[in-house]
Amino acid sequence: MSEEIKNKKEEDIQEEAKEEIEIEEAEEEIQEAEEEIQEEKVSVSEDFEKKIEKAMEQIISDTQERIEEVPAVDEESPKPVQKEAEQKSEPVQKEAVQTPKPAQVKPVPPVQKQPTPAMHPPKKGHKVVRIVGTLVGAIILAGIGGYAGMSYYYSNKFFPGTTINSFDCGDLTVSQAEELIRNKVEDYSLTVASKGHEKESISAEAIDYKYKSDGAVEQAFEKQKPYEWIKGYFVKTNLSVGENITYDKEKVKTELEKLECMKPENQIQPKDAYITFEDTLFTIVPGEEGTAINEEKALELLYTAIDQTEEEVDLEKGGAYIEPNVREDDEGLQERLKIVNTYAKASVTHTYGDKTETLDSKTFKDWYSKDANGDLYLDGEVLKTKLREYVANMAYNHDTLGATRTFQTTSGRNIEVSGGNYGWQIDQYSEVEKMYNEILTGQQVTREPVYASTANAWVNGSDIGNTYIEVDLSEQHMYFYRDGNNIFESDFVSGNMSYADRKTPTGVCHIVYKTKDFTLRGEKKPDGTYEYEEPVEYWMPFNGGVGFHDAPWRSSFGGDIYLTSGSHGCINMPVSSAAQLYDLIDESIPIVAFY
């Protein structure tokens with residue numbers, strides 16, 4: 001009996017060896033099945049195939065875990081062998097008879113004779129292989145079936161992880177997605193932020209804000225391929241479609257005008273930066289921003305925000321506030337400041353003897369023009385006009401040419417004398433041009449005015465000074481003073497008082513020139529001859545055709561000769577006196593002629 005058990009045990013060992021081979025074959029079949037599954041996969045994107053492979057690896061892993069859970073045969077346990085022997089006693093007996101003696105048994109499985117199906121029931125290893133094969137097949141079929149079922153499920157629904165315009169539409173149909181969007185959209189409100197006010201809101205209801213389907217969601221869905229459903233579990237899909245929003249723009253305008261920031265009392269206009277004068281220089285006064293809003297720009301911001309379903313709009317950041325046209329850092333303004341300050345630095349100081357008068361920015365700051373923005377600038381024509389007025393006033397106050405002067409004669413009389421060609425006279429045109437250039441170039445100068453005529457001095461307000469020639473027409477006598485000293489005097493004969501046109505004129509004059517050997521002529525007559533022609537040795541004109549000259553045809557001078565037998569207006573002198581005066585006199589010497 002023990003021999004039979006021993007033989008049976010050896011037979012079972014051989015059977016178990018066969019079962020191990022069959023298990024290996026089953027695993028090979030599983031591998032082949034995996035390869036077939038890989039070949040039968042639908043061709044999709046590379047990224048999607050990786051996801052499918054990962055899912056199938058999980059299925060196979062689960063299958064292998066189930067295989068490992070099947071209990072193995074314990075070769076140390078005699079009870080299963082005894083039980084099996086008891087259930088199959090007859091076959092075992094036959095089998096035992098045919099089995100060689102232990103000494104002759106070879107352990108190689110192919111040597112053993114396999115029982116026929118009728119005589120030898122399937123072994124436990126065979127059942128395991130069949131179970132595994134069936135299980136793998138069932139799992140594969142279940143996986144394929146489940147995959148197909150999910151593809152069908154998502155044939156009318158969006159994949160999980162799908163958002164449309166930021167709304168989660170996973171596992172929703174097109175109509176459900178549109179309803180979600182509609183509910184979300186029509187719950188919309190727009191917050192408006194403004195300068196210096198609390199935030200305010202405009203509701204969807206107030207502007208008739210509504211969602212209207214235009215097929216955009218359905219078009220987005222049609223781009224989805226149902227067999228790619230598994231992608232939804234691994235890849236988020238963010239779709240953006242036009243929401244076909246409708247709203248009433250007139251009502252948006254009405255709501256905007258209701259906002260606190262749009263009330264008239266809150267609309268403070270901005271102010272441009274501008275140039276002003278302070279102390280001695282110009283400076284820039286910064287502009288002011290203000291709170292006035294450009295309604296057209298504000299509406300544009302609101303329309304854009306509503307069209308894009310934005311929840312807040314900032315009027316200040318959006319540039320809806322009216323800004324100053326010119327700011328403090330404006331390049332043009334800075335350049336004008338530089339220019340006007342160049343002018344402002346200019347000053348022209350005129351000297352009149354020991355007195356001075358200065359023209360600087362304190363005076364001509366008011367000569368600047370203002371542009372439309374209130375900026376100061378120096379207009380060339382305006383400046384010249386102002387300078388002409390200024391120089392004319394200078395001439396009025398300081399010109400002495402032809403002016404009436406108070407004069408004390410040698411005899412001690414105080415007289416007033418006017419007229420003549422001697423005295424200070426500003427060349428107004430030239431002075432204006434010179435000052436114009438000095439101001440434009442920012443010069444600071446001290447000088448005399450540009451004169452057309454000059455005098456000897458500014459002594460106590462008089463331009464005659466202490467060097468002059470006194471011609472007393474009543475006394476018919478003249479004096480030459482240099483630095484207050486009498487250096488020359490002489491009698492003379494002046495114009496004949498019997499003829500108005502021959503009377504010697506009064507005034508303060510100076511000789512225009514002096515020359516020798518000159519012929520004096522009267523008026524030219526129609527026949528080409530002159531009323532008279534008198535050659536003289538010394539000629540010194542000082543008032544038009546009136547001048548000093550020698551009169552060799554006269555034998556006496558002074559007294560009252562001039563009353564009835566005077567000259568044609570000139571001062572007739574003895575030849576010697578004329579010669580002496582000729583050497584002493586020049587164009588700078590004032591000649592005071594009076595009666």
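The questions and answers below go through a predicted model of one protein chain. Residues are numbered from 1 along the chain as its sequence is written. In this predicted model, local features need pLDDT of at least 70 and side-chain atom pairs count only at pLDDT 80 or more, while totals for chains, interfaces and linings use all residues; side-chain values use heavy atoms, with hydrogens and water left out.

Q: How many helices and strands does the secondary structure of the chain come to?
A: Helices (H or I, at least four residues) and strands (E, at least two) are taken as DSSP runs and numbered from the N terminus. Counted in this way, the chain has 15 helices and 28 strands.

Q: What percentage of the 595 residues of the chain count as buried?
A: Buried means under 20% relative accessible area, exposed means over 50%, and partly exposed lies in between (1.4 Å probe, protein chains only). Of the 595 residues, the share that counts as buried is 38%.

Q: What share of the contacts with a separation of 6 or more comes from residues 24 or more positions apart?
A: A contact means heavy atoms within 4.5 Å. Among contacts in the chain with a separation of 6 or more, residues 24 or more positions apart account for 66%.

Q: Which residues touch the most other members of the largest nonpolar core?
A: A nonpolar core is a set of buried Ala, Val, Leu, Ile, Met, Phe, Trp, Tyr and Cys residues joined through side-chain atoms within 4.5 Å. The largest one has 47 residues, and its largest share, six residues, comes from helix H12 (residues 380-398). A second, separate core of 37 residues includes Leu190, Ala204, Met262 and Ile293. In the largest core, the residues that touch the most other members are Phe282, Leu387 and Ile439.

Q: How many degrees lie between the planes of Tyr188 and Tyr209?
A: Rings of Phe, Tyr and Trp (its six-membered ring) pair if their centres lie within 6.5 Å; planes under 30 degrees apart count as stacked, over 60 as edge-to-face and the rest as tilted. The whole structure holds 21 aromatic pairs. Tyr188 and Tyr209 form one that is stacked, at 4.6 Å centre to centre, and the angle between the planes is 25°.

Q: How many residues apart are Tyr188 and Tyr209?
A: Tyr188 is in the loop between helix H6 (174-185) and strand E3 (189-193), and Tyr209 is in the loop between strand E4 (200-203) and strand E5 (210-211). Tyr188 counts as buried because its relative accessibility is 8%, and Tyr209 counts as buried because its value is 3%. The pair links distant parts of the chain, and the separation in residues is 21.

Q: Which ring does the charged end of Lys195 sit over?
A: A charge sits over a ring if NZ of Lys or CZ of Arg is within 6 Å of the ring centre and within 35 degrees of the ring normal. Lys503 lies over the face of Tyr595 at 5.1 Å from the ring centre. For Lys195 the distance to the centre is 4.6 Å, and the ring belongs to Tyr321.

Q: How many disulfides does the count come to?
A: A disulfide is a covalent bond between the sulfur atoms of two cysteines. The rule used here asks for a pair of cysteine sulfur atoms within 2.5 Å. By this rule the count is zero.

Q: Is Gln476 buried or exposed?
A: Gln476 lies in the loop between strand E20 (468-472) and strand E21 (477-482). Gln476 is not a glycine, although its phi is positive at about 55°. Because its relative accessibility is 0%, Gln476 counts as buried.
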